[in-house]
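Let us walk through this model one piece at a time. Keep the sequence and the 3D view side by side.

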Amino acid sequence: MNGNNEQTKSKLETAEKGEGRLALLKARAKRCVCKYCGGKLELRRIAFSDYGEARSELYCPVCQRIEFGTEPEIYQSAVYFVDNFEFNHYPGLDANEKTRRMNIAKVCEIMAWGDKNIGLLTENGFTVPVYLETQQIGQTVIFEADDLAEQG
C-alpha cells in the first residue's frame, strides 16, 4: 500500500512539473522566435506519452526542427552582427545560407548567455524593458565637443 502511495505522489509531482513546463513553452511560443531563421515557433506534440506535457516541444515549421527559440531582440542583434561584422564560427564550412543561419544561432546563444549571466534575461524573458530600434541598429552617432560639454 505504501508503494502505491509513493507511485501516485511521484506521478502527481511529474504532472505538476509537466504543467509548469507546458506553460513555459506556451509563453515562449508567443514571445520567442527561431534562432536560425527568426520565424514563429509552434507548440507541437512530438511523440505520444502518458503525460502529453512531457512530449510537447517548440517547433519551427520553416527550419523543420525542434527549437527552444530566442528573444526577438537578440535574434535581430545577432543578424546585424553576423551580416555586418562577417562573423563566422564555422570557417571550415562553405559560405551559404545554412552556414549564415548557424552563425546567427551561435551568436544568439552567446548573447543570451551573456544576458542571463548579468541578470537581464530569464526563461520568462527580459527582466527589464528592452527597446531595440531596428532602424538605428548599427548607426553611428557623431558628437561635437559642444555636445559633450557639461551643462551647468
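Begin with Thr122, which counts as partly exposed because its relative accessibility is 36%. The cut-offs are these: buried means under 20% relative accessible area, exposed over 50%, and partly exposed in between, with a 1.4 Å probe and protein chains only. Thr122 is found in strand β4. Helices (H or I, at least four residues) and strands (E, at least two) are DSSP runs, numbered from the N terminus. Thr122 and Ala112 are 10 residues apart in sequence, and their C-alpha atoms are 9.2 Å apart in space.

A word on the source. This is a predicted model in which local features need pLDDT of at least 70 and side-chain atom pairs count only at pLDDT 80 or more, while totals for chains, interfaces and linings use all residues. Residues are numbered from 1 along each chain as its sequence is written, and side-chain values use heavy atoms, with hydrogens and water left out.

How far apart are the end C-alpha atoms of α3? They are 30 Å apart, which agrees with the 30 Å that its 21 residues should span at 1.5 Å a residue. The expected span is 1.5 Å times one less than the number of residues.

Now look at the two ends. Asn96 caps the N-terminal end of α3, with a side-chain oxygen 3.1 Å from the backbone nitrogen of Lys98. Just after α3, Gly119 takes a positive phi of about 85 degrees.

Next comes Lys35, in the loop between α1 (2-31) and β1 (42-45). Is Lys35 buried or exposed? Lys35 is buried, because its relative accessible area is 16%. Its side chain makes a polar contact with the side chain of Glu109, at 3.1 Å. A polar contact is a pair of N or O atoms within 3.5 Å; within protein, one must be able to donate a hydrogen and the other to accept it, and residues adjacent in sequence count only if both atoms are side-chain atoms. Leaving aside neighbours within four places in sequence, Lys35 is in contact (heavy atoms within 4.5 Å) with residues including Glu67, Thr70, Tyr75 and Arg101. Ile104, Ala105 and Cys108 are also among them.
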